[in-house]
Amino acid sequence: MQNNSLVKVFGVLFALVSIYQLSFTFISSSVESQAENFAKQAVSEDTTNYLEARDKKITNYLDSIGNNSIYGFTSYNDSKAKELNKGLDLKGGINVILQISIKDILKGLAENTRNTVFNNALEEANILQKSSDEPYVESFFDAFDMVKSSEKLSSPDIFGNRTLSDEINFEMSDSETQTVIRRKIDESIISAFEVLRKRIDKFGVTQPNIQRLGASGRILVELPGAKDVDRVKNLLQSTAQLEFWETFKNDALIGFLIQANELVSNEQKKLTTNELEEKDQSSEIDDLLADVASTDSISAPSQNLILDKIVGQGFQGGPVLAQFATRDGEEILGYLNRSDVRRLLPAEYRYVSFVLGKPDVDTDVIELFALRSNRDNRAPLSGGVVVDAIQTFDQVGNPAVSMQMDSRGARIWENMTGKAFKESSNIAIVLDDIVYSAPGVSSGAISGGRSEITGDFSLNEAIDLANVLRAGKLPASAEIIQSEIVGPSLGKEAIQSGMYSFIIALIFVLIWMVFYYGSSGFYADIALILNILLIFGILAGLGAVLTLPGIAGIVLTIGISVDANVLIFERIREELRKGKGIRKAIADGFNNALSSILDANITTGLTALILFIFGTGPIKGFATTLLIGIGTSLFTAIFITRILVDSRNEKGKGVSFSTKITKGLLSEINISFLQRRKMAYIISSALILISLISLITQGLNQGVDFVGGRSYTVRFENAVNPTEISSILNSEFGSAEVKTFGEENQLKITTKYKVNTEGVAVDKEIHQKLYSSLQPYLPDAITYQDFVKGSSEKTIGIMSSIKVGPTIADDIKNNSFLAVIGSLIVVFLYILIRFQKWQFSLGAVAAVFHDVLVVLGIFSITYTFMPFSMEINQAFIAAILTVIGYSLNDTVVVFDRIREYINEHTKWEFENTVNAALNSTLSRTLNTSLTTLIVLLAIFIFGGESIRGFMFALIIGVIVGTYSSVFIATPVMYDTQKKKVLLEEKK
């Protein structure tokens with residue numbers, strides 16, 4: 001082989017760079033292990049909340065030694081920044097997809113116009129979005145065309161306003177205006193992206209990942225290692241809409257509150273009276289039998305729906321109108337904002353805005369404020385004037401946030417505080433429609449633009465609020481439409497199981513290659529180990545994320561690497577059987593195998609590329625490692641193995657390509673595969689028919705990825721009965737699916753309860769319902785916080801959760817379908833170009849369709865009784881695409897040999913050529929399939945519950961793919977090609 005020295009130098013340098021890159025991972029892991037040991041020694045398990053105390057000790061330890069020099073070339077902080085990134089499933093953390101509200105952006109660009117056509121178009125766009133994959137703005141434009149009549153987008157009361165006056169004039173056509181609006185929306189999404197990035201940078205997690213997803217207004221945020229889920233969600237979803245409002249004094253509105261109470265209470269009494277009259281019309285016997293029950297069930301409600309719920313009042317003349325229990329706050333607001341109730345307001349108060357304060361966690365009480373609003377509901381001063389914000393402490397030592405305003409804000413603030421001082425009134429500081437504080441002004445107007453927000457803050461809340469204000473507000477509301485939360489202890493278990501499967505698979509392959517191929521197998525093993533080193537080194541160098549499916553991808557790469565070596569060694573063995581010398585046999589073997597190796601890896605690479613484009617999170621990690629693995633496998637198999645074999649041979653020491661046991665094995669086989677194709681057609685047709693019947697009648701077990709909902713992995717101390725738990729949760733949530741997930745003390749609970757509602761409040765409600773329902777099955781010492789919060793030592797409670805909204809579930813399903821169809825089209829075209837005959841493409845695609853349908857059918861038939869999860873989700877689609885790649889890998893190797901034999905043996909009958917090609921590749925087919933199956937079985941058994949269904953699909957796919965490459969792809973190609981050959985002979 002030419003340029004051996006160059007390849008050697010390149011290989012050595014590549015290996016050294018990989019070791020250097022991975023050294024940071026080993027260093028940071030070692031330091032963190034020391035920190036954990038220190039924390040365990042410093043905090044005993046008898047300490048109250050010892051897990052949280054240990055986490056704080058670890059954080060303090062790492063902070064204290066973060067910049068200390070290690071080995072003279074790095075530090076912990078430096079190593080941490082350069083270590084191999086671990087995904088959520090290996091490290092724990094939170095992954096969310098945020099939907100920036102394009103509707104809110106459009107409203108803002110239109111200055112919240114009341115134009116009927118505009119608002120009707122928005123409502124119509126909402127309807128169109130339910131059945132459309134296009135961005136919201138395009139649905140809005142379509143809806144506007146439907147309802148606009150003579151109205152134009154550039155109308156003065158739509159987009160031809162003061163805000164956009166520099167870019168839109170009244171004469172512009174709708175198409176011209178649409179171009180401007182699309183650009184403005186894109187700028188707003190970029191702004192939102194930057195705001196979120198600044199917030200996340202200040203949050204304190206290592207290796208955060210934030211990226212835009214297309215043009216849909218969606219933003220992916222991954223925070224590995226984040227433990228305080230509620231804090232993260234608040235940080236991401238808070239629009240940071242800071243406003244300063246003048247307040248009305250409470251004594252001016254007490255009379256209105258009394259009138260409002262009388263109105264809504266009297267109305268409720270009338271409804272109750274009507275119900276009682278309807279009840280009186282029932283039979284006398286029923287009245288007698290159910291007298292007590294009827295009295296209990298329709299007892300008169302509270303006499304005063306508002307006043308009876310008041311639990312306290314603010315001081316006279318203050319800003320607090322009344323105090324209520326937190327649970328009653330929204331109900332009271334609903335009463336006060338009714339149009340008939342607001343008509344009771346005196347003329348000077350007609351624009352009053354009723355806003356709730358921040359709930360008091362200790363007393364569970366919330367305050368009601370009356371803000372001096374206006375026709376446009378615009379605050380006199382907003383957070384846009386804030387140029388800096390820091391976390392401070394107020395006069396009594398409670399956490400607070402200090403702000404500095406720009407010159408314009410300082411002037412308005414001085415006027416507002418001066419007026420408040422003269423009138424002895426208050427100024428409400430409102431963040432995201434919640435009053436955090438409403439201080440009075442006791443010493444005259446405040447100049448300089450300095451202000452402070454106080455309230456019932458925790459330290460973290462004050463820090464986050466300061467960061468949010470400093471980063472700026474989001475241009476529109478952000479809704480979490482998909483979230484995945486993995487506890488750190490589950491991540492630690494995933495690493496262990498992933499490494500077990502990896503080591504077991506590697507050991508088997510290393511032993512098998514030496515057993516089957518002798519000394520050449522040993523050199524293949526060296527190349528394989530280098531291949532693995534390169535994969536991890538490249539992942540670390542590129543800053544890519546290693547996930548559990550990613551580890552599966554690396555293990556699968558072992559199979560791919562072995563396949564390349566098997567192809568080469570089998571060709572060398574063929575050349576040796578032809579009587580060629582060892583040097584010539586090695587050269588011809590490597591050269592002749594190259595075409596098959598490239599074709600097989602390119603087809604697999606194409607499917608992996610499609611998976612990378614359409615996948616997200618762990619699935620993208622699987623595709624990344626697979627793509628890198630294909631590249632490194634080609635390099636090590638073609639170049640490194642060749643160098644090692646040639647070096648050994650040149651030294652005259654000899655190289656063996658078989659052992660005494662395997663010499664000549666499968667070399668003299670002469671099976672007439674094509675004569676058995678009709679039987680294969682019958683078997684495959686029966687399998688496909690059974691699969692289709694099951695798919696139609698029983699369907700598939702679609703996961704939350706495809707149908708939407710919330711799913712929780714909950715672990716108990718002892719084994720639990722899923723049927724018993726299911727009946728309890730069904731009464732609580734209306735509908736809940738409960739299945740054993742792995743061990744008998746772990747359940748997967750899925751529900752669609754309030755799936756369309758997002759926010760921390762809903763998450764807390766569901767967590768509380770889960771905790772109260774499952775409490776009888778939990779140890780007495782487990783508190784709600786223990787049940788919900790994550791910890792690296794957590795063994796009981798919610799271990800992970802995922803939430804997918806219906807909208808994004810539809811998108812995931814559509815993208816998955818496109819990924820599968822796209823891969824089939826790409827492969828069809830590649831094989832057509834490569835072999836220049838459509839019959840080869842047809843045979844390959846027929847085999848792939850066969851494999852996909854059989855895998856789907858097996859999942860449909862067996863998901864009801866299999867002891868592990870067989871959900872159809874993104875991971876399953878990844879498995880299907882991998883099956884497609886593997887099936888094509890096998891098929892292309894056979895097709896390459898058929899093409900080679902056609903060129904070499906021009907006088908052979910076509911049937912003999914095809915049979916000879918199948919027999920000559922049988923050793924390679926069985927060898928590769930066996931090693932790949934053993935590798936997959938190792939991951940299936942030891943790789944953890946979360947990827948067991950994924951691996952089961954791959955195992956079935958490898959078995960079916962091996963069968964179809966021999967009995968479906970080749971026979972279909974033969975039958976269609978045979979007709980063409982007969983026609984040409986007749987001519």
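Asp810 counts as partly exposed, because its relative accessibility is 37% and the partly exposed class spans the range between buried (under 20% relative accessible area) and exposed (over 50%), judged with a 1.4 Å probe and protein chains only. The structure is a predicted model, in which local features need pLDDT of at least 70 and side-chain atom pairs count only at pLDDT 80 or more, while totals for chains, interfaces and linings use all residues. Residues are numbered from 1 along each chain as its sequence is written, and side-chain values use heavy atoms, with hydrogens and water left out.

Asp810 lies in helix H27 (residues 806-835); helices (H or I, at least four residues) and strands (E, at least two) are DSSP runs, numbered from the N terminus. Together with Asp133, Glu134 and Asp142, Asp810 forms a patch of negative charge on the surface. Patches consist of residues with over 30% relative accessible area and no salt bridge, like charges being joined within 9 Å and nonpolar side chains (Val, Leu, Ile, Met, Phe, Trp, Tyr) within 5 Å. Accessible areas come from the Shrake-Rupley method with a 1.4 Å probe, and for residues only the protein chains shown count as cover. Asp and Glu count as negative and Lys and Arg as positive, whereas His and the chain ends are not counted. The place of a charge is taken as NZ of Lys, CZ of Arg, CG of Asp or CD of Glu.

Helix H7 (residues 136-147) has 12 residues and spans 16 Å from its first C-alpha to its last, close to the expected 16 Å, a value defined as 1.5 Å times one less than the number of residues. Buried residues in H7 include Tyr136, Val137, Phe140, Phe141 and Phe144. An α-helix has 3.6 residues a turn, so residues three or four places apart point the same way. Just after H7, Ser149 takes a positive phi of about 60 degrees.

Helix H27 also contributes to a nonpolar surface patch. This patch, of about 940 Å², is made by Leu609, Phe612, Ile613, Phe614, Phe817, Leu818, Ile821, Ile825, Leu829 and Ile833. Two or more residues of the patch are given by each of helix H20 (582-614) and H27, and the largest share, 6 residues, comes from H27. Ile821 has its place in helix H27 and is partly exposed, since its relative accessible area is 30%.

Salt bridges were counted wherever a side-chain nitrogen of Lys or Arg falls within 4 Å of a carboxyl oxygen of Asp or Glu. The count comes to 31 salt bridges. In one of these, the side chains of Arg924 and Asp563 meet at 2.7 Å, N to O. Arg924 belongs to helix H31 (residues 922-942) and Asp563 to helix H19 (residues 548-577), so that distant parts of the chain, 361 residues apart, are linked. Arg924 is buried, as its relative accessible area is 2%, and Asp563 is likewise buried, with a relative accessible area of 4%.

Helix H19 takes part in a further bridge, between Glu900 and Arg571, whose closest N and O atoms are 2.7 Å apart. Because Glu900 lies in helix H29 (residues 874-904) and Arg571 in helix H19, the pair ties together parts that are 329 residues apart in sequence. Both Glu900 and Arg571 are buried. The side chains of Glu871 and Lys748 also meet in a salt bridge, at 3.4 Å, N to O. Glu871 lies in the loop between helix H28 (838-862) and H29, and Lys748 in strand E22 (residues 746-751), so this pair ties together parts 123 residues apart in sequence. Glu871 counts as buried at 13% relative accessibility, and Lys748 is buried with a relative accessible area of 18%. Salt bridges that share partners join Glu575, Lys578, Lys580, Lys584 and Asp588 into one network.

Backbone angles are considered last. Most residues other than glycine have a negative phi, and most peptide bonds are trans. Glu111, in the loop between helix H5 (102-109) and helix H6 (116-129), has a positive phi near 55 degrees; at 23% relative accessibility, Glu111 counts as partly exposed. Ser424 also has a positive phi, of about 55 degrees, although it is not a glycine. Ser424 lies in the loop between helix H15 (407-423) and strand E15 (427-431) and counts as exposed, because its relative accessibility is 52%.
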